[in-house]
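Walk me through this structure, please.

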Amino acid sequence: MKPVVAYFSAEYSIADSLPIYAGGLGILAGDIVMEAGAEGRDFHAFGLVYHKAFAAGDTDTRLMTERLSGEGFTLIPDSDGQPLTLTIHFDAREVAFQAWRKDYGNTSLTLLDTQVNANSVADQKITDHLYDSMPGLMFRQQIVLGLG
(Lines give C-alpha, C1' and ligand atoms only; values in the text may rest on other atoms or scores of the structure.)
Protein backbone atom coordinates (compact mmCIF):
# COMPACT_ATOMS: atom_id res chain seq x y z
CA MET A 1 0.00 0.00 0.00
CA LYS A 2 1.30 3.41 -1.01
CA PRO A 3 1.70 5.87 1.89
CA VAL A 4 -0.65 8.85 2.06
CA VAL A 5 0.50 12.10 3.67
CA ALA A 6 -1.71 14.64 5.47
CA TYR A 7 0.00 18.03 5.74
CA PHE A 8 -1.26 21.00 7.78
CA SER A 9 -0.07 24.58 7.47
CA ALA A 10 -1.49 27.96 8.48
CA GLU A 11 -0.53 29.49 5.13
CA TYR A 12 0.14 28.56 1.51
CA SER A 13 1.72 30.51 -1.33
CA ILE A 14 -0.09 28.98 -4.30
CA ALA A 15 -0.82 31.91 -6.63
CA ASP A 16 -0.24 35.67 -6.74
CA SER A 17 -4.00 36.22 -6.68
CA LEU A 18 -4.29 34.35 -3.34
CA PRO A 19 -2.43 36.40 -0.70
CA ILE A 20 -3.07 33.86 2.07
CA TYR A 21 0.53 33.67 3.25
CA ALA A 22 2.98 35.95 5.06
CA GLY A 23 6.38 34.74 3.93
CA GLY A 24 8.76 31.82 4.35
CA LEU A 25 6.39 29.27 5.86
CA GLY A 26 3.78 29.92 3.16
CA ILE A 27 6.36 29.80 0.36
CA LEU A 28 7.70 26.49 1.66
CA ALA A 29 4.22 25.00 2.16
CA GLY A 30 3.14 26.02 -1.34
CA ASP A 31 6.33 24.57 -2.84
CA ILE A 32 5.79 21.29 -0.99
CA VAL A 33 2.23 21.00 -2.38
CA MET A 34 3.38 21.78 -5.92
CA GLU A 35 6.30 19.34 -5.76
CA ALA A 36 4.15 16.55 -4.31
CA GLY A 37 1.69 17.10 -7.16
CA ALA A 38 4.46 17.08 -9.78
CA GLU A 39 5.80 13.80 -8.35
CA GLY A 40 2.34 12.17 -8.30
CA ARG A 41 2.35 11.65 -4.54
CA ASP A 42 -0.75 10.84 -2.49
CA PHE A 43 -0.45 14.02 -0.48
CA HIS A 44 -3.32 15.98 1.07
CA ALA A 45 -2.63 19.46 2.42
CA PHE A 46 -4.99 21.42 4.66
CA GLY A 47 -5.13 25.11 5.54
CA LEU A 48 -7.50 28.02 5.98
CA VAL A 49 -9.02 30.57 3.63
CA TYR A 50 -8.20 34.16 4.66
CA HIS A 51 -10.82 36.50 3.23
CA LYS A 52 -8.87 39.66 3.98
CA ALA A 53 -5.66 39.66 1.96
CA PHE A 54 -2.49 39.52 4.03
CA ALA A 55 -0.45 41.60 1.59
CA ALA A 56 -0.85 45.32 2.36
CA GLY A 57 -0.24 46.30 -1.26
CA ASP A 58 -2.91 43.97 -2.66
CA THR A 59 -5.02 45.94 -5.14
CA ASP A 60 -7.29 43.07 -6.24
CA THR A 61 -10.82 44.03 -5.21
CA ARG A 62 -12.42 40.64 -5.92
CA LEU A 63 -13.84 38.63 -3.04
CA MET A 64 -11.59 35.78 -1.91
CA THR A 65 -14.26 33.31 -3.06
CA GLU A 66 -13.94 34.73 -6.60
CA ARG A 67 -10.16 34.49 -6.40
CA LEU A 68 -10.35 30.87 -5.24
CA SER A 69 -12.70 29.97 -8.08
CA GLY A 70 -10.44 31.77 -10.53
CA GLU A 71 -7.51 29.60 -9.40
CA GLY A 72 -9.47 26.35 -9.83
CA PHE A 73 -10.63 25.79 -6.24
CA THR A 74 -14.17 24.44 -5.83
CA LEU A 75 -16.35 23.91 -2.79
CA ILE A 76 -16.45 20.24 -1.84
CA PRO A 77 -20.02 19.07 -2.52
CA ASP A 78 -22.27 16.94 -0.33
CA SER A 79 -24.19 13.94 -1.70
CA ASP A 80 -26.83 16.28 -3.19
CA GLY A 81 -24.24 18.37 -5.02
CA GLN A 82 -24.61 21.31 -2.62
CA PRO A 83 -21.57 22.78 -0.80
CA LEU A 84 -20.71 20.45 2.06
CA THR A 85 -20.99 22.16 5.44
CA LEU A 86 -19.45 20.52 8.49
CA THR A 87 -19.37 21.66 12.10
CA ILE A 88 -17.00 21.50 15.00
CA HIS A 89 -17.93 22.04 18.62
CA PHE A 90 -15.99 24.47 20.76
CA ASP A 91 -16.68 27.26 23.24
CA ALA A 92 -20.09 25.63 23.94
CA ARG A 93 -21.31 26.19 20.38
CA GLU A 94 -21.16 24.71 16.92
CA VAL A 95 -19.04 26.45 14.30
CA ALA A 96 -19.80 25.58 10.69
CA PHE A 97 -17.24 25.52 7.90
CA GLN A 98 -17.02 24.62 4.25
CA ALA A 99 -14.01 23.39 2.33
CA TRP A 100 -12.43 24.66 -0.90
CA ARG A 101 -10.33 22.08 -2.74
CA LYS A 102 -7.96 22.01 -5.67
CA ASP A 103 -6.25 18.91 -6.99
CA TYR A 104 -2.73 18.78 -8.32
CA GLY A 105 -2.69 15.24 -9.73
CA ASN A 106 -2.87 12.87 -6.74
CA THR A 107 -2.16 15.81 -4.42
CA SER A 108 -4.87 18.10 -3.07
CA LEU A 109 -5.02 21.32 -1.13
CA THR A 110 -8.13 21.87 0.99
CA LEU A 111 -8.77 25.28 2.54
CA LEU A 112 -11.32 25.48 5.35
CA ASP A 113 -13.65 28.48 5.50
CA THR A 114 -15.92 29.63 8.35
CA GLN A 115 -17.56 32.40 6.32
CA VAL A 116 -20.88 30.57 6.05
CA ASN A 117 -24.37 31.91 6.81
CA ALA A 118 -24.94 29.44 9.66
CA ASN A 119 -22.23 31.15 11.74
CA SER A 120 -22.43 34.30 13.82
CA VAL A 121 -20.51 37.29 12.49
CA ALA A 122 -17.81 36.61 15.10
CA ASP A 123 -17.40 33.00 13.95
CA GLN A 124 -17.33 34.03 10.29
CA LYS A 125 -14.33 36.21 11.16
CA ILE A 126 -12.29 33.17 12.23
CA THR A 127 -11.07 32.91 8.65
CA ASP A 128 -10.78 36.63 7.92
CA HIS A 129 -7.11 37.34 8.68
CA LEU A 130 -3.87 35.41 8.82
CA TYR A 131 -2.24 35.96 12.23
CA ASP A 132 -5.04 38.15 13.57
CA SER A 133 -4.16 40.07 16.75
CA MET A 134 -7.60 39.63 18.33
CA PRO A 135 -7.16 37.61 21.56
CA GLY A 136 -8.19 33.99 21.13
CA LEU A 137 -8.82 34.22 17.39
CA MET A 138 -5.60 32.48 16.36
CA PHE A 139 -6.46 29.69 18.81
CA ARG A 140 -9.89 29.34 17.14
CA GLN A 141 -8.17 29.20 13.75
CA GLN A 142 -5.93 26.40 15.02
CA ILE A 143 -8.95 24.48 16.31
CA VAL A 144 -10.72 24.79 12.95
CA LEU A 145 -7.58 23.69 11.09
CA GLY A 146 -6.75 20.85 13.49
CA LEU A 147 -10.23 19.45 14.07
CA GLY A 148 -11.86 20.46 10.81
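**From the surface inward**

F54 is partly exposed, at a relative accessible area of 37%; here buried means under 20% relative accessible area, exposed over 50%, and partly exposed in between (1.4 Å probe, protein chains only). F54 sits in the loop between β2 (43–48) and α2 (64–70). Helices (H or I, at least four residues) and strands (E, at least two) are DSSP runs, numbered from the N terminus.

This is a predicted model, in which local features need pLDDT of at least 70, side-chain atom pairs count only at pLDDT 80 or more, and totals for chains, interfaces and linings use all residues. Residues are numbered from 1 along each chain as its sequence is written, and side-chain values use heavy atoms, with hydrogens and water left out.

F54 belongs to a nonpolar surface patch with L25, Y131 and M138. Together the four have about 350 Å² of accessible area. Such areas come from the Shrake-Rupley method with a 1.4 Å probe; for residues, only the protein chains shown count as cover. Patches take residues with over 30% relative accessible area and no salt bridge; like charges are joined within 9 Å, nonpolar side chains (Val, Leu, Ile, Met, Phe, Trp, Tyr) within 5 Å.

L130 lies in the loop between α3 and α4. It is buried, at a relative accessible area of 4%. Contact means heavy atoms within 4.5 Å.

D128 is found in that loop too, between α3 (121–124) and α4 (137–147). D128 is buried, with a relative accessible area of 8%. Leaving aside neighbours within four places in sequence, its contacts are Y50, H51, K52 and Q115. With Q115 there is a side-chain to side-chain polar contact of 3.2 Å. A polar contact is a pair of N or O atoms within 3.5 Å; within protein, one must be able to donate a hydrogen and the other to accept it, and residues adjacent in sequence count only if both atoms are side-chain atoms.

Next comes α4. Its buried residues are L137, Q141, I143, V144 and L145. They pack against β1 (5–8), β2, β4 (85–90) and β6 (107–113).

Aromatic rings come next. The whole structure has three aromatic pairs. Y7 and Y12 are edge-to-face, 6.4 Å centre to centre with 65° between the planes. Y7 and F43 are tilted, at 5.5 Å and 35°. Y7 lies in β1 and F43 in β2, so this pair ties together parts that are 36 residues apart in sequence. Y7, Y12 and F43 form one aromatic cluster. Rings of Phe, Tyr and Trp (its six-membered ring) pair if their centres lie within 6.5 Å; planes under 30 degrees apart count as stacked, over 60 as edge-to-face and the rest as tilted.

Last, the charges. There are six salt bridges, each a side-chain nitrogen of Lys or Arg within 4 Å of a carboxyl oxygen of Asp or Glu. One of them joins D123 to R93, with the closest N and O atoms 2.7 Å apart. D123 lies in helix α3 and R93 in strand β5 (residues 93–104), so the pair ties together parts that are 30 residues apart in sequence. D123 is buried, at 4%, whereas R93 is partly exposed, at 28%. R62 bridges to D60 at 2.8 Å. D58, D60, R62 and R67 are linked in a network of salt bridges.
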